[in-house]
Amino acid sequence: MAKLKKRPLHHYAPEPGVIAEKEALGTNRYEDVYYEHTTGKITGVYKVGNHHFELQSEGRAKLCLTVLNDDVIRIRFSVGEPGRDFSYAVLDQAGTQDAKTSWKEQKTAFLVTTATLKIEIAKADGSLTIAERSSGKTVHQFAKPFYGRSTLNRGLEQVRIQLKTDKKEGIYGLGDKAWDHNLQGSEWANWTEDAFAYGENRKTLYRSVPFYYGLTHGTAYGIFLDNTYRSHFDFNSTKDNLTTIWADGGEFDYYFIGGPLLNDVAARYHQLTGTPEMPPLWAMGFHQCRWSYYPESRVRELAKAFREKKIPCDAIYLDIDYMDGYRCFTWNKEHFPDPKQMISDLKEDGFHTVVMIDPGIRVDKEYHVYADGLERGAFCRRNSGQLMVGPVWPPECVWPDYTDPGVRDWWGTLYEELYNDQGVSGFWNDMNEPAVFKINHLTFPDDVGHNFDGEPTHHKKAHNIYGMQMTRASYDGLKALQPAKRPFLLGRASFSGGQRYASLWTGDNVASWEHLRIANRQCLRMAISGFSMVGTDIGGFVDDPSPEMLSRWLQLAVFHPFMRIHSMGNNSDGAAEVEAEEVKQAEKLNRQDQEPWVHGKLHTKRNRKAIEMRYQLLPYLYSSFRQHIVTGVPVLRNLFFYDQTDANCLKYADQFLYGEDLMVAPVLDKGIKSMTVYLPGGDWYDFWTGELLQGKQKINAKVKPERLPIYVRAGAVIPTVDVVQCTADMNKLKHIELSVFAADSGKSTFYWDAGEGYGYAAGQYTERTFTVSRKGKKTIVRQSATGNYNASFRDAQVRIVGLTQPPTDFTVDGVQRTTGIFYAKRAVVITVPFDFEEITIG
Ligand code: MIG
């Protein structure tokens, strides 16, 4: 029998012809035959309302175009008539705006115009060209018409577009890739994968985010492919000036997002796919984790050590060993005889407890989750009707089908005992790619079925959203169990839009300098791809960090919205239960600890300092997160988001902005004493020394072991507080410090609320806007506030940096002031009531 030739994974369709894999058996039979689908000629347009266009085509492929708003166009190619209009990623309300459009038939094309974009659909073959109206620049241009391919045996297996690009175009985003910031010249796939100890060029990692930014001739745009199959993005990897994007099935349903600024594209992508709610304040504190802390005495010991050593910490994590035989939602009673008591004692001391929940449910008739799930038909089955059974931690597991709304609801209720009765604060959803042990394929076979919210399908289509739907089920469940509490959920696998449900950590990284660099890139890339609540395993999961490496990692992680140390301890990868017993033995002998104090006095001091800084900056970080939710602009942004036309910003892409006002130059190399930092346009202050520095220059920054070079935008006001040991103590603070970095003009916001609950939705927050200006030799700081949250702060120590001469005259709300003034080395500090309106210093 002739064998079907194996084609490489990333092949484009062979061309031309309709008969593939030609090793004919004799006459007219083949191993398989394939069909190609295009739109062919576009013969007319059917218009629905003002913003939806259905193109009539001669070929089997169909094209619909929806204008969501002036800058966002949905383009939908389908082989045959379009299917159900359904998306896990895009918010329902994203499609409701009726934008003003006009359309015209020309000789060779149909033309759709919005206020900012001109979209041309070629009559000859349905190719698209999109130009920005104001600049006239073409930013999106098909090099070939839409192409679909199906085979008799496999059905539809490829939908594809090809776009013109060139090596000068910058390509950013695409979610979870460890590669350099600019993806031009490289090729990637999206398929959620348990990527233990990944390298920077691994094509597929834990998350699938088929969204990227292009930056061409100074103009930015975005492409989001809303397709859950394995998708592929080839950005000119073969130097043919083509970007090729394809998916292994479904529709080529994508969104073109106009700029012209990267920030605009980011904001619009978030409007499309959502932002998280405000996390509880404690989730932005420092967290300590390892695989695994047990038994109870060890957990208590750990908590005690943090307080004794005066290293702030808000959460302790329990990895899989807290469970009874890896049965989710149970406790190992030998190690944790009274979880409720332990959790409540930890809480007293300011520690939240976070526990792991996996999707793999142990096959065991005596286990309620298995028995109950089985009865409800909650677990995934194969085509044959058999349960999908495989090994993860338990030797045999089954998996809930989170794409079934009923299963999601049921799953949510399972948290009740841990969350409501025992007082667990947050949860950690691991292994939800879904990961399966023992097989190279790492996950389910393709023939596993999923409900897909009422339109049953196979795993190829549901794989990429499985983890996301698990976090959705968990998140919604927690919300239903305690509606007045902000859930904290940490997830691993996800898809575009998954940011609405879970924070994430980047997965099983390695303690190496290379991985510290990757940590920086990955968090930046996840943030610009929708996931601002992101962090890494500080110090590395696999292997042990050197003292210097751990300190540098902590210093970087001060600026990752999720900040947690995690390590593998003595566990080896892929351990089955038997090995796990060995690990338990090994744990006794050698703990391979990664707490902030394990590297001696000097490094403990440095690590404490980094974590303290995190707490001092929390009002700023929290405000920045709030800004992110309101504007859709990511919390972390590469320097080129600040000025996308400045070649140096593109070059110094490891430098990043945290919020609007801080710029961080991460130290990613061993032993360095100085580094070149690029300051983009505008004036900047050295955060540490208060020195005023002009923008658009490279500086040689001294690198100290105990801190990173950090810069503040001139005109900013940065709110900070005194060090506390946990966020619970933050709401008792009477003083806040406002550092004013003097300039001719500037504006900053400071958002504060109870740090928990939804009072803010009823106005229980305060958003303070500070404006900084100068008049002659006077520096003026004004404050205005909205909202009615009664913060504990009573006074503000306003620290003014960058005065051009020693001040002699102080006025607070129109009244001259002679007391409460303190002249520090680089600043003048004046203590004023927290709700001052205007301070004038000159
Ligand atoms: O196969 O629960 O990424 O953070 O410590 C490993 C044990 C399973 C993988 C997670 C890691 C966690 C570990 N888990």
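## Before you start

Residues are numbered from 1 along each chain as its sequence is written, and because this is a predicted model, local features need pLDDT of at least 70, side-chain atom pairs count only at pLDDT 80 or more, and totals for chains, interfaces and linings use all residues. Side-chain values use heavy atoms, with hydrogens and water left out.

## Around the ligand

Let's begin with the ligand. There are 14 residues around it, and those that come nearest are Asp319, Asp430, Arg492, Asp508 and His566. Here, a residue is near a molecule if one of its heavy atoms lies within 4 Å of it. The shell around the ligand holds nine nonpolar residues, one polar and four charged. In this grouping, Ala, Val, Leu, Ile, Met, Phe, Trp, Tyr, Cys and Pro count as nonpolar, Asp, Glu, Lys and Arg as charged, and the others, Gly among them, as polar.

An N or O atom in the side chain of Asp319 is 2.5 Å from an oxygen atom of the ligand. For Asp430, a polar side-chain atom lies 2.7 Å from a ligand nitrogen atom, and for His566, a polar side-chain atom lies 2.8 Å from an oxygen atom of the ligand. On its own the ligand has 360 Å² of accessible area, and the protein covers 98% of that (areas come from the Shrake-Rupley method with a 1.4 Å probe).

## A pocket and the cavities

Rolling a probe the size of a water molecule over the atoms shows where empty space is left. The search uses a 1 Å grid over the protein atoms alone: a cavity is a set of points where a 1.4 Å probe fits but cannot get out, a pocket is an open set with protein on both sides within 12 Å along at least five of seven lines, and lining residues have an atom within 4 Å of a point. Grid points are joined across faces, edges and corners, and a volume is the space filled by probe spheres set on the points.

The second largest pocket contains about 500 Å³ of space. Its lining has 27 residues, with Met613, Gln616, Phe687, Trp688 and Thr720 nearest the centre. Two or more lining residues come from each of α11 (600-631), β42 (717-720), β43 (735-741) and β47 (795-801), and α11 gives the most, with six residues. Helices (H or I, at least four residues) and strands (E, at least two) are DSSP runs, numbered from the N terminus.

How many cavities of 30 Å³ or more are there? The count comes to three. The largest cavity has a volume of about 150 Å³. It is lined by 16 residues, of which Pro276, Glu277, Tyr475, Pro487 and Ser503 are closest to its centre. That lining divides into eleven nonpolar, two polar and three charged residues.

## Backbone details in the loops

Most residues other than glycine have a negative phi, and most peptide bonds are trans. Against that background, the bond joining Trp291 and Ser292 is cis, with omega about -15 degrees; Ser292 sits in the loop between β20 (286-288) and α2. The peptide bond from Glu433 to Pro434 is also cis, with omega near -5 degrees, and Pro434 belongs to the loop between β25 (426-429) and β26 (449-450). Leu174, which is not a glycine, has a positive phi of about 70 degrees.

Definitions and conventions
A polar contact is a pair of N or O atoms within 3.5 Å; within protein, one must be able to donate a hydrogen and the other to accept it, and residues adjacent in sequence count only if both atoms are side-chain atoms.
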